[in-house]
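Here is a short briefing on one protein model. It covers a pocket, the nonpolar cores and a pair of strands.

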Amino acid sequence: MASFSFGAGNARKLRRIPLYVGGRLVTAVVPRSRGEWVFGCAVGVADGALALHAVAAAHGEQTTWLVADADQAREAERLGIRWVRRDSAAGFWRTARARVIVVTHGFGDVQRYATTGAVIVQLWHGIPLKRIGLDSAETTRSPVLPGVLSPVLRTLYRRATRRISLLPAASHLVRGRLESAFSLIDERVPVTGEPRVDVLSAGDAESRRRVARERLAHLLGMPLGERRVVLYAPTWRDGEPDPAVPDVGEWERIGATLDAADALLLVRSHPLGAGDYRPPRDTDRIADLGSDRVADVTPLLPGLDALLTDYSSLAFDASLVPLPVVFFAPDLEAYTARRGLYGRYADVAGTDPARSWGEALTQLDAVLADPTAALAASRERSARVHAHRDGRNAERVYRAVRARLRPAPSRKDDRP
């Protein structure tokens with residue numbers, strides 16, 4: 001079973017209302033520090049928060065990372081980042097005192113009850129293809145009394161998101177989606193680019209690929225040599241089972257395709273998703289690359305040779321490498337009806353996405369043999385959704401945050 005669904009999460013939010021009220025009362029009387037920043041990220045010490053942290057720390061800001069567990073604490077120590085436990089008195093105090101709060105998923109990345117009154121920077125964690133926030137009914141779905149509680153949840157969600165001070169967008173196209181999803185005005189959604197993808201533009205392509213391949217080999221505990229590497233990354237089904245989990249026959253065909261192409265398939269099912277992607281027999285052609293092994297897969301994309309996905313924002317990240325992408329959407333109609341997509345799927349995935357493992361493997365085999373057309377399509381996606389490709393998105397976001405911290409200029413007295 002999945003570890004999370006919007007319905008279950010929303011039920012917990014309703015039960016926590018007294019805690020939110022208590023937090024509002026505390027933050028109303030506790031003054032915020034002039035120079036303290038706190039950072040949090042649902043997947044660990046990673047993602048865009050880590051990229052922005054590096055820039056803020058380099059500029060001398062007083063920073064603290066709020067970690068969720070011992071593994072995150074060890075990673076913060078390895079990186080030389082000051083940290084406190086998120087769900088502790090110290091975590092509440094640091095959040096309540098911080099002038100700037102940086103998150104990548106939601107207020108729960110930090111101490112959710114102590115965020116009122118801060119400059120909140122919501123970096124998000126990918127360019128949305130599937131509808132998010134207020135643009136999807138799934139976000140505020142209630143497991144009980146949906147006709148009564150879903151509108152309440154929608155109101156609470158809108159009030160919460162309107163506290164966001166800054167939500168960086170990758171492009172003007174993406175900006176419109178974020179403004180709608182989070183109910184924000186233009187000036188709060190600047191087109192700065194996403195800090196999380198700076199790693200895909202900084203330096204030269206050859207160095208990025210070498211470093212990513214070395215990291216992959218270390219994580220997998222095996223040399224890669226000239227073997228081609230494919231990442232399969234299905235998206236979350238909002239708590240429902242993943243319909244693309246292969247059966248025994250499909251696993252056999254997957255193995256045969258990989259053998260013929262001398263390729264390795266890395267499986268990264270969504271950390272909140274359901275499904276069993278263990279092949280029925282041991283093989284050195286298929287390996288797990290879940291979030292428990294690597295929190296942020298973005299820096300590893302240059303080490304890949306192809307991406308296989310459905311509705312994941314990784315398709316847009318991969319366009320910066322660029323990587324050829326094979327789209328595999330076995331539940332396109334059902335997913336579109338329940339969750340919703342921005343625009344037409346064909347505008348992103350082309351007119352012939354794979355609908356079965358057989359079709360997906362046929363397309364993957366063709367892409368590995370000749371990636372020319374798929375690479376051209378990837379570059380076109382990049383041109384549509386990435387306004388900046390210079391590796392300096394985090395710098396632009398930092399400057400935008402600092403601009404919001406400056407006091408407004410006083411009006412001149414025009415009286416004679």
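The notes below start with the basis of the model and then go topic by topic.

This is a predicted model, where local features need pLDDT of at least 70, side-chain atom pairs count only at pLDDT 80 or more, and totals for chains, interfaces and linings use all residues. Residues are numbered from 1 along each chain as its sequence is written, and side-chain values use heavy atoms, without hydrogens and water.

**Second largest pocket**
- A pocket is an open set of points on a 1 Å grid over the protein atoms alone, where a 1.4 Å probe fits, with protein on both sides within 12 Å along at least five of seven lines.
- The second largest pocket holds about 390 Å³ of space, counted as the space filled by probe spheres set on the points.
- Its lining (residues with an atom within 4 Å of a point) has 20 residues, and A349, G350, A374, A377 and R381 lie nearest the centre.
- α14 supplies six residues, the largest share of this lining.
- Twelve lining residues are nonpolar, two polar and six charged.

**Nonpolar cores**
- A nonpolar core joins buried (under 20% relative accessible area, 1.4 Å probe, protein chains only) Ala, Val, Leu, Ile, Met, Phe, Trp, Tyr and Cys residues through side-chain atoms within 4.5 Å.
- The largest has 64 residues, of which F182, L231, L266, L289 and Y345 touch the most other members.
- Apart from it lies another core of 25 residues, including W65 and V397.

**Strands β1 and β2**
- Strands are DSSP runs of E, at least two residues long, numbered from the N terminus.
- In β1 (residues 36-39), E36 and V38 are buried on one side, W37 and F39 on the other.
- β1 and β2 (residues 62-67) run parallel, joined by four bridges.
- F39 has W65 of β2 as its bridge partner.

Key
Nonpolar A, V, L, I, M, F, W, Y, C, P; charged D, E, K, R; others polar. Buried < 20%, exposed > 50% of the residue type's maximum accessible area, 1.4 Å probe, protein only. Pairing = 2+ DSSP bridges.
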